[in-house]
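Please look through the sequence and the structure shown here before reading on.

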Amino acid sequence: MERDMNARVRHVQLLYEVRRAHLERQDHRPDSTILYLNTNYDLTDFDLDAYERAARAVPGAVIRAIFNSKAPLAVEVNEPLMVRGLGLALIGLLLARVRRYILGRPTTVVCYAIENGDVRRSITERHGRWAWRAFSLLSRGVMKRMDRVAFGTESASQCYMEQLGASAKAMRLVAPLEPRCGECDPLGSDPRVLFVGSFEPRKGVLELLAAWEAKQVDQDDPVVELVLMGQGPLAEQVRDWAGPRTDVTIVSAPSPAQIHQFQARAKVLVLLSQATASWREQVGLPILEGLSHGCEIVTTRETGLAAWLLSNGHQVIAESGVDDVLEALNRALLAQRGPEEIVSALPLVSGRAAAQNWMLNEE
Ligand SMILES: [Zn+2]
């Protein structure tokens, strides 16, 4: 990254893991730069080295990004309850304080928070009570020194209050809903159930396959197709299972264009997230994408969006047994409303972008 570019930067994101959505949001912000430690699987086919405004978070790059900028700077770090991101968040906080208090340059530290799992229990069970005490001390310290924290969901905001009991200087709840997709027109509702995501147990892939296997084909029913788009550790098992089936299609390693194309046509998007001892679905990006294409959503109570989905007529199930899943899929497939009615409940501007504008004090 060039020095003159750094001089204009007003927003530095220090991320444990960068994903495609970060880059897409950054497209609209020429004054933003991303420094990351790892890449999400959704960037597997993306040439990040050729992308100018993101770089590995090596010490030199972090220091240059924060200190070369002459503009008022917002340093965005990972949320304090993200265990793997806390080290980088502490470094970001420390450098921001040096910049603010020693160099006297306007600097804020902000984050977007969507963790809704029981981090206390997961750390205590795996590493003991002292590990949680040490982690929560640091995590609480970061939280209290945040200038702005935008919560994506009500359940994330509750989770922070219960586990850290600490407030940032300013906090706000901004649902991460995306508006109707501007690229896809018209939106259809083919009798198709779509799964997009990583083929791994926590995304409920096995529960979905089990339910589909038990599906009784009634001659009066419209022919329903299951489309599985993704890749991951269960890919081989998914392929073997789908092999002889005529009502299942697999799209492995789908491109963003393919995902749009399928989401714009499918009636139902399914994501049966399963909580583990150390993980709970925060939002579920495919749910947001499915909504913006007018899909009926079938999901579990794990997503932080569960309350919003329930009150907007989508299917949220407590258990992922075969009968529960099939019943929810059928209700979604038989829903009378069309995609345009579903997207009419969405905001006109991206909630995630609105949260960022607020964090950067630009609304
Ligand atoms: Zn689209």
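This is a predicted model: local features need pLDDT of at least 70, side-chain atom pairs count only at pLDDT 80 or more; totals for chains, interfaces and linings use all residues.

Residues are numbered from 1 along each chain as its sequence is written, and side-chain values use heavy atoms, with hydrogens and water left out.

Start with the metal. Which residues coordinate the zinc ion? They are C181 (SG), C184 (SG), H260 (ND1) and H293 (NE2), at 2.0 to 2.2 Å. Donors here are N, O and S atoms within 2.8 Å of the metal (3.2 Å for Na, K and Ca); water is not among the atoms, so sites may look incomplete. The 4 donor atoms subtend angles of 99 to 118° around the zinc ion, so the arrangement is tetrahedral. Four donors count as tetrahedral if all angles lie between 85 and 135 degrees. For comparison, the ideal angle for four tetrahedral donors is 109.5 degrees.

Along the chain, the donors of the zinc ion have the spacing C-x2-C-x75-H-x32-H. Helices (H or I, at least four residues) and strands (E, at least two) are DSSP runs, numbered from the N terminus.

C181 is buried at 7%, and C184 is buried at 11%. H260 is partly exposed at 23%.

A disulfide is a covalent bond between the sulfur atoms of two cysteines. Here it is counted as a pair of cysteine sulfur atoms within 2.5 Å, and the count comes to 0 disulfides. C159 is buried, at 4% relative accessibility.

Charged side chains make other contacts. A salt bridge is a side-chain nitrogen of Lys or Arg within 4 Å of a carboxyl oxygen of Asp or Glu, and the count comes to 16 salt bridges. One of them joins R265 and D190, with the closest N and O atoms 2.9 Å apart. Because R265 lies in helix α10 and D190 in strand β8, this pair ties together parts that are 75 residues apart in sequence. R265 is partly exposed at 34%, and D190 is partly exposed at 22%.

Another salt bridge is formed by E296 and R337, whose closest N and O atoms are 2.8 Å apart. E296 lies in strand β12 and R337 in the loop between α13 (322-334) and α14 (339-343), so the pair ties together parts 41 residues apart in sequence. Both E296 and R337 are buried.

Two single residues remain. T299 is in strand β12 (residues 296-300) and is buried, with a relative accessible area of 0%. I102, in helix α4 (residues 86-102), is exposed at 66%.

Note on methods
Buried means under 20% relative accessible area, exposed over 50%, partly exposed in between (1.4 Å probe, protein chains only). Four donors count as tetrahedral if all angles lie between 85 and 135 degrees; four count as square planar and six as octahedral if opposite donors are over 155 degrees apart and all others between 65 and 115; anything else is irregular.
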